[in-house]
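Here are my notes on the model, as numbered points. Please read them with the structure open.

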Amino acid sequence: MDIRELAHHLGLSIGTVSRALNDRKDVSPATRQRVVEAARAFGYIPNQSGRTLRSGRTGTVGFMLTLEHDSAIHGDPFFMALLEGLQNGLGEHDLDLVVLLARKGEDGLTFLRRHVSRRTVDGWVLSGTQHDDPRIAFLLDQAIPFVALGRTDTARDYAWIDLDFEGVVSEAMALLIGAGHRRIGLVAPPATINNSHIVVQRYRDALAQAGIGFDPALVHHGETDESDGEATASELMALADRPTALLLMGETAPVGAYRALRRLGLEPGRDVAVIGLRDNPACRALSPDLTCFSLELGDLGLALAQALVAMLPGHQRVDDPPVQTLWKMALRLGQSHLTRGQAPIPIA
């Protein structure tokens, strides 16, 4: 049933039915209730295209996802749980979430410009923030509501929620250095990703505070997926003065690292200490149990939704500063870090 049929059934004008469905004050409560009950009974669904043309709003929020780094294409479960929490938060305000995939190799700003010109969505959630991310300046200049999952190097004010990578690296390094490790390999995201700079700097700070020299040969930048974790662990173990511990800042990198170590005759948690980034389904079957960090992704998604909704027309409060939050992660102790720093065991 379309709005014309609904209006005819009720003996009302199309305009009256439209105003009643949009909760306009110039319609009596009795008429509004009658229209709403009939719409529900006959399964009437408003034409979204028409509503968008009239209001200039789509009722949707776009999540920009790239396939370049640490995403579902690598078997990463991170985004599925996050998106569920995000949709739940948006649903409370009758908003829908659409996931928009940038083509592999496509410039992020070009992708964003295209969708903004089409008015695809009312607001944006950006992921995979770069150290120098032109998307941020573009959306700020266009006065388009958005929140970023991550920070950038820009000095301009904008809304963001980021994982507390500083706290994660500091806590992991304290655990390893306290156990006597002096050669600690670090697997970090690509240098273009902003959190890679945060991770490496905090790693260097922890070494300096302990009086340990920084060796660039122990730091690897890569995709931090399972394949990269395996290749990097193999490379680091081939060093003449190889590490006695590995800190893996990727969702599935520990799976590959365990495989590489065992192929070389080394046992995680006995011959080499291993600490991963997050307690995710891909790593829960690892033995020994992986020492890593945990967070509730549904809550993180909900917080992103709340931050964005607060900037949308009809919800925004002009005097409120943009949300800028470091999302804490809790250390989950397994057995993979239990080996103490010692002279490397020769690899046969």
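1. A cis peptide bond. The bond from Ser 287 to Pro 288 is cis, with omega near 5 degrees. Pro 288 sits in the loop between strand E9 (273-278) and strand E10 (291-294). Helices (H or I, at least four residues) and strands (E, at least two) are DSSP runs, numbered from the N terminus.

2. Ground rules. This is a predicted model, in which local features need pLDDT of at least 70, side-chain atom pairs count only at pLDDT 80 or more, and totals for chains, interfaces and linings use all residues. Residues are numbered from 1 along each chain as its sequence is written, and side-chain values use heavy atoms, with hydrogens and water left out.

3. The whole chain. The protein chain has twelve helices and twelve strands. Of its 348 residues, 49% are buried. Buried means under 20% relative accessible area, exposed means over 50%, and partly exposed lies in between (1.4 Å probe, protein chains only). Among contacts with a separation of 6 or more, 67% join residues 24 or more positions apart. Contact means heavy atoms within 4.5 Å.

4. The six-stranded sheet. The order is E7-E6-E8-E9-E10-E12, the sheet is open, and the pairing is mixed. Strand E7 (219-221) and strand E12 (330-332) stand at the edges with a single partner strand each, so one side of each has no neighbour in the sheet. Neighbouring strands of this sheet are turned by 15 degrees against each other on average, direction ignored. Two strands pair if DSSP finds at least two bridges between them. Strands of a sheet pair through backbone hydrogen bonds, either parallel or antiparallel.

5. The E6 and E7 pair. Strand E6 (residues 184-188) and E7 run parallel, joined by three bridges. Ala 188 has His 221 of E7 as its bridge partner. Helix H9 (residues 194-209) lies across E6 and E7, at about 170 degrees to E6. Axes are lines fitted to C-alpha atoms, for helices over the stretch in contact, and angles run from 0 to 180 degrees between N-to-C directions.

6. Helix H10 (226-237). H10 has twelve residues and spans 17 Å from its first C-alpha to its last, close to the 16 Å expected at 1.5 Å a residue. The expected span is 1.5 Å times one less than the number of residues. Buried residues in H10 include Asp 228, Glu 230, Leu 236 and Met 237. The buried residues of H10 pack against E6, E7, strand E8 (245-248) and helix H11 (253-263).

7. Two positive phi values. Ala 143 is exposed, at 67% relative accessible area. Thr 224 also is not a glycine, and its phi is near 55 degrees. Thr 224 lies in the loop between E7 and H10. Thr 224 is buried, at 0%.

8. Cysteines. How many disulfides are there? The count is zero, where a disulfide is a pair of cysteine sulfur atoms within 2.5 Å. The sulfur of Cys 283 is 6.9 Å from the closest cysteine sulfur, in Cys 292, which is too far for a bond. Cys 292 is likewise in no disulfide. Cys 283 is buried at 4% relative accessibility, and Cys 292 is buried at 2%.

9. Nonpolar cores. The largest core has 55 residues; Phe 63, Leu 86, Met 173, Leu 186, Tyr 203, Met 249 and Leu 300 touch the most other members. Helix H12 (residues 297-309) supplies the largest share of this core, eight residues. A second, separate core of 19 residues includes Val 187, Ala 257, Leu 261 and Leu 290. A nonpolar core is a set of buried Ala, Val, Leu, Ile, Met, Phe, Trp, Tyr and Cys residues joined through side-chain atoms within 4.5 Å. In soluble globular proteins, nonpolar side chains tend to be buried together.

10. Leaving aside neighbours within four places in sequence, Phe 63 contacts residues including Phe 79, Leu 82, Leu 86, Val 99 and Ser 127. Thr 60 belongs to strand E1 (residues 60-65). Thr 60 is buried, with a relative accessible area of 15%.
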